[in-house]
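Dear colleague,

Please find below the structure that I am handing over to you. My notes on it follow directly after.

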Amino acid sequence: MAALSVEHLSIAFEGAKGRFSAVKDVSFSVAEGETFGLIGPSGCGKTTALRAVAGLNTHWEGSIRAFGEALQPGRKITGALRRDIQMVFQDPYSSLHPRHRIRRILGEPLSLAGSRDVDGEVVVALERVGLASAIAGRYPHQLSGGQRQRVAIARALLLKPKLLLLDEPTSALDVSVQAEILNLLNDLKRTEGMTLVLVSHDPGVVAHMCDRAVLMGAGKILRELDRAALAAGFEAEEPV
């Protein structure tokens, strides 16, 4: 059984100039335990497709199945599947509440899930991503960009997801920090047995992380890339 199966996915938006098709008849599948990439230039539709899989955009057509369970257009993801699918966003600062300490940011999902030892689990969550327990008492603005992204990853892992969606997880970080975050994600994938779907426009990031990928342009899949093709590099260009 595939961890994720997307078939004939199409997504359109109404704009000032009329209806705009952001994703056009996209199909791909991701095996359990695989790191799969949606790659291409800005505006190619890759993040739009990822947000549909995450349940953040429910206005889509086609078929999306995660671990054999179908997502429904027009409906938010609920139940066990909501726990199984988590997302890490591009900007670690905007994805964390600026007026809440890290303890509260991480603790609230645990409280909602019925945890009996929220503080203890927060410490464990921080340690899993290489952060000291003292971080729990700080606000997001008191952390570096790399620390904030580690907190965002820790939050995504709190509910022990099977599928982790990554939207340009290192693009807002300094080059010196990018490798640390990518290596952390690879280590967590191995230890937690997760499936990863990565959105990126960076050939180096994709080659470091992904087993397979599809190259997108103008809302469509242009071609599939295996591990050898990713290692050789790719041209992230719009189709002519």
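Which residue in β2 is the bridge partner of A12? The partner is S21.

Before the rest, two remarks on the basis of these notes. The model is predicted, so local features need pLDDT of at least 70 and side-chain atom pairs count only at pLDDT 80 or more, while totals for chains, interfaces and linings use all residues. Residues are numbered from 1 along each chain as its sequence is written, and side-chain values use heavy atoms, with hydrogens and water left out.

The sheet

Helices (H or I, at least four residues) and strands (E, at least two) are DSSP runs, numbered from the N terminus. Strands pair if DSSP finds at least two bridges between them. An open sheet is formed by four strands, ordered β2-β1-β4-β5, with antiparallel pairing. Because β2 (18-30) and β5 (69-70) stand at the edges with a single partner strand each, one side of each has no neighbour in the sheet. Nine antiparallel bridges join β1 (residues 4-15) to β2.

The helix

Helix α1 (residues 46-53) lies across β1, β2 and β4 (61-66), and runs at about 115 degrees to β1. Angles run from 0 to 180 degrees between N-to-C directions, with axes fitted to C-alpha atoms, for helices over the stretch in contact (heavy atoms within 4.5 Å).

The cysteines

The structure has zero disulfides (pairs of cysteine sulfur atoms within 2.5 Å). For the sulfur of C44, the closest cysteine sulfur is in C210, 13 Å away, which is too far for a bond. C44 is buried at 0% relative accessibility, and C210 is buried with a relative accessible area of 1%. Buried means under 20% relative accessible area, exposed over 50%, and partly exposed in between (1.4 Å probe, protein chains only).

Yours sincerely
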